[in-house]
Amino acid sequence: MAGTNKKNKALLSKPAIILKDPQLPENIGMTIRSLVNYGFYDLRIINPKLSWPNNKSVSSSAGAFDIIKNSTKTYLKLDKALHGVEVLFATSVRVRDLEKIVLTPKEAIQIIKSQYKSCSIGFLFGPEKAGLNNNDLSEANYIIKIPTNPSFGSLNL
């Protein structure tokens, strides 16, 4: 675990990171690892394909699961996972026909800093195979379109 120093106090902060319908347990584990690297601890998992927690998720988290396991929650439905979230940013690679403000990641951070600094923020990510559907995106206040290769827009957390 390069760069890991368990003697240092872990930084723990918000926002809520919400994974909807994750399919591969390894992706959940790697997401956990990324969250802990940046001090996030509020992970909400909606309807994971395999039971949670599981050995593949825990092992692929490289020890990060132990840090946030008590604050990680699972839900069956999106509406329950959004409890306490005041402003929701949903992610999409595809352009959708929705009346939503679409932002780049940089623009989203600027809006959060200027308008929502003291609000409870959530970031919603969809399943690996197809991403979020229009109903999921309609729940968001904003959509973040993450720039990718135009011929291959599959993001894997």
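Guide: Ala-62 is partly exposed, with a relative accessible area of 27%; here buried means under 20% relative accessible area, exposed over 50%, and partly exposed in between, with a 1.4 Å probe and protein chains only. Ala-62 has a positive phi of about 55°, although it is not a glycine. Its place is the loop between α2 and α3 (65-68), where helices (H or I, at least four residues) and strands (E, at least two) are DSSP runs numbered from the N terminus. The model is a predicted one, in which local features need pLDDT of at least 70 and side-chain atom pairs count only at pLDDT 80 or more, whereas totals for chains, interfaces and linings use all residues. Residues are numbered from 1 along each chain as its sequence is written, and side-chain values use heavy atoms, with hydrogens and water left out.

A positive phi is also found at Asn-47, about 50°, and this residue is not a glycine either. Asn-47 lies in the loop between β2 and α2 and, at 39% relative accessibility, counts as partly exposed. Pro-53 lies in that loop as well, between β2 (40-46) and α2 (55-60). The peptide bond leading from Trp-52 to Pro-53 is cis, with omega near -10°.

A further loop, between β4 and β5 (101-103), holds Asp-97. Asp-97 is exposed, its relative accessible area being 80%.

Two strands flank β4 in the pairing, which requires DSSP to find at least two bridges between a pair of strands. Four bridges join β4 to β6, and these two run parallel. Within that pairing, the bridge partner of Phe-89 in β6 is Phe-123. Four bridges also join β4 to β7, again in parallel, and the partner of Ala-90 in β7 is Ile-143.

Four aromatic pairs are found in a search of the whole structure; rings of Phe, Tyr and Trp (its six-membered ring) pair if their centres lie within 6.5 Å, and planes under 30 degrees apart count as stacked, over 60 as edge-to-face and the rest as tilted. Phe-89 and Tyr-142 form a stacked pair, at 5.1 Å centre to centre and 15° between the planes. Phe-89 lies in strand β4 (residues 87-92) and Tyr-142 in strand β7 (residues 142-145), so the pair ties together parts that are 53 residues apart in sequence. Both residues of this pair, Phe-89 and Tyr-142, are buried. Together with Tyr-116 and Phe-123 they form one aromatic cluster.

Phe-89 also belongs to the largest nonpolar core, which has 24 residues; such a core is a set of buried Ala, Val, Leu, Ile, Met, Phe, Trp, Tyr and Cys residues joined through side-chain atoms within 4.5 Å. The residues with the most contacts inside this core are Ile-17, Ile-32, Leu-43, Phe-89, Ile-121, Phe-123 and Tyr-142. Two or more residues each are given to it by β1 (13-20), α1 (25-37), β2, α3, β4, α5 (105-115), β6 (121-125) and β7. The largest share, four residues, comes from α1. A second, separate core of 14 residues includes Ile-18, Leu-82, Leu-88 and Leu-137.

Ile-17 illustrates the contacts, which mean heavy atoms within 4.5 Å. Leaving aside neighbours within four places in sequence, Ile-17 is in contact with Leu-35, Phe-40, Asp-42, Leu-43, Arg-44, Phe-123 and Phe-125. Over the chain, among contacts between residues at least 6 apart in sequence, 86% join residues at least 24 apart. Of its 157 residues, 39% count as buried.
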